[in-house]
Amino acid sequence: YQEPPLRPSTWHGLWLVKFAGGGLTEYTIPDGIKVIENNAIDGWENLKKLTLSEDLVYVSASGIVNCPNLEGVFGPNTSSDHRGIQIGDEYVRLIIHDGYPGTYHVPDDVRSIGIWAFSGIPTLEHITMGDQITNIGGYAFSECKNLKSVTLSGGLERIGTDANIGYNPFLNSHNLESIYFRSYVPPTYLDSQMSEFEKLTVYVPSLSADLYKRDAGWKQFKKYMKE
């Protein structure tokens, strides 16, 4: 473990940087660990159960990777389906995905999806969620080479927007075929960096189609839109 460099105050404390526990089948990350750094838990082929620190505030996008037999993550900072990291009501990162079916439904107690939450996960094909989710962080669904569809919350207020800066939540997920908007009011979106998609259709509510097409953030998707 080591002390972190300068980061948000909530991250101050011990970070798990690298742990040589590849032979373990179960492991409990000690309390006091605030952050799991990139590749800290990498290639633990025997690991089946991981219990997280109750002090955890952040997990890097590649903090827990290449653990093909991991069956569940446990502790107060895990999702109700034991497949990911959840801090309070924010879904931080999907962890268990090796061999997982391509459709993932975000647990219904989640209110916010964090930055990079589903990025770079090759098994994801379809993501759905309930209407209780109001915020989705930047790059949330980026770099997912097999992602085909995302069904967004009807209560969504902001997407891809962190600290008033825009980050394309679908960046380089070029095989996307469908994005379903269910919110009648276009969620705030600030990114002007547009990815190109070959087969994408963006479905918007018919009553709000003109709002989406004129919206400063979403009008760049106009050519993909369908009511």
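Me: Which residue in β3 does Leu14 stand opposite?
Reply: This is a predicted model, so read the pairing as a prediction. Strand β1 covers residues 14-16 and β3 covers residues 33-36, and the two run parallel, joined by three bridges. Within β3, the residue opposite Leu14 is Ile33.

Me: And what is the bridge partner of Val35 in β6?
Reply: β3 also runs parallel to β6, which spans residues 58-59. Two bridges join them. In β6, Val35 has as its bridge partner Tyr58.

Me: Which strands stand at the edges of the open six-stranded sheet?
Reply: The sheet is open, pairs in parallel, and has the order β11-β13-β15-β19-β20-β21. An edge strand has a single partner, so one of its sides has no neighbour in the sheet.

Me: Which residue in β21 stands opposite Val202?
Reply: Strand β20 takes in residues 201-203 and pairs with β21. The pairing is parallel, over two bridges. Opposite Val202 you'll find Met225.

Me: Is Glu90 buried, exposed or partly exposed?
Reply: Glu90 sits in strand β10, residues 90-94. Buried would need under 20% relative accessible area and exposed over 50%. Glu90 comes out at 30%, so the call is partly exposed.

Notes
Residues numbered from 1 in each chain as written. Predicted model: local features only at pLDDT ≥ 70, side-chain atom pairs only at ≥ 80, totals over all residues. Heavy atoms only, no water. Helix = DSSP H or I, 4+ residues; strand = E, 2+ residues; numbered from the N terminus. Buried < 20%, exposed > 50% of the residue type's maximum accessible area, 1.4 Å probe, protein only. Pairing = 2+ DSSP bridges.
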